[in-house]
Amino acid sequence: MSKVAVVFWSGTGNTKMMADAVAEGAKGAGAEVSILGPSEFNADMVAEFDAIAFGCPAMGAEVLEENEYEPMFTDVEAVLSGKKIALFGAYGWGDGQWMRDWEDRCKAAGAKLATESVMSNETPTDAVLSECKSLGGMLA
């Protein structure tokens, strides 16, 4: 049984809905899933999991949430080489540049993106939640 972490931050609940769907998809594919906030996860924990789904909405000028998520992710980024990961999050403006920047950071760190990232413009639709479940299944 694979171990999957779903590490997310949500301000309005949209990214939480996505995180729950990712976890459901991973569990449905047989994984043991841990759902964690940024204050509950750090670089020392990366090796404990076979795969990690990171979720964060776009904030400000299309960046990761700066007070909790960005510091955690900067810490974790240094140990992502070779790790199977996936990214997801919601946004309310712009065109998803924060996700493209985040993907570039992960690739530069040597992480292996298991599938295409999932973005939701505002509240996730049923189609987006289905994509999140598939993302979770890909990580399992």
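**Exercises on a predicted model**

Helix 1 (residues 14-28) has 15 residues and spans 21 Å from its first C-alpha to its last, close to the 21 Å expected at 1.5 Å a residue; the expected span is 1.5 Å times one less than the number of residues. Helices (H or I, at least four residues) and strands (E, at least two) are DSSP runs, numbered from the N terminus. This is a predicted model, in which local features need pLDDT of at least 70 and side-chain atom pairs count only at pLDDT 80 or more, while totals for chains, interfaces and linings use all residues. Residues are numbered from 1 along each chain as its sequence is written, and side-chain values use heavy atoms, with hydrogens and water left out.

**Exercise 1.** State which residues of helix 1 are buried and what they pack against.

*Solution.* Step 1: apply the cut-offs, where buried means under 20% relative accessible area, exposed over 50% and partly exposed in between (1.4 Å probe, protein chains only). Step 2: the buried residues are N14, T15, M18, A19, A21, V22, A23, G25 and A26. Step 3: by contact (heavy atoms within 4.5 Å), these residues pack against strand 1, strand 2 (32-36), strand 3, strand 4, strand 6 and helix 4 (126-139).

**Exercise 2.** Explain why strand 3 (residues 51-55) is largely enclosed, and identify its partners.

*Solution.* Step 1: five of the five residues of strand 3 are buried, so the strand is largely enclosed by the rest of the structure. Step 2: in a regular strand the side chains alternate between the two faces of the sheet. Step 3: here A51, A53 and G55 lie on one side, I52 and F54 on the other, and all are buried. Step 4: two strands pair if DSSP finds at least two bridges between them. Strand 1 (residues 3-8) runs parallel to strand 3 and is joined to it by five bridges, with F8 opposite G55. Strand 4 (residues 84-91) also pairs with strand 3 in the parallel sense, over five bridges; A86 is the bridge partner of A53.

**Exercise 3.** Describe the surroundings of S117.

*Solution.* Step 1: S117 lies in the loop between strand 5 (112-113) and strand 6 (118-121). Step 2: S117 is buried because its relative accessible area is 16%, under the 20% limit. Step 3: not counting residues up to four places away in sequence, S117 touches L87, M99 and E103. Step 4: the side chains of S117 and E103 form a polar contact of 2.6 Å. Such a contact is a pair of N or O atoms within 3.5 Å; within protein, one must be able to donate a hydrogen and the other to accept it, and residues adjacent in sequence count only if both atoms are side-chain atoms.
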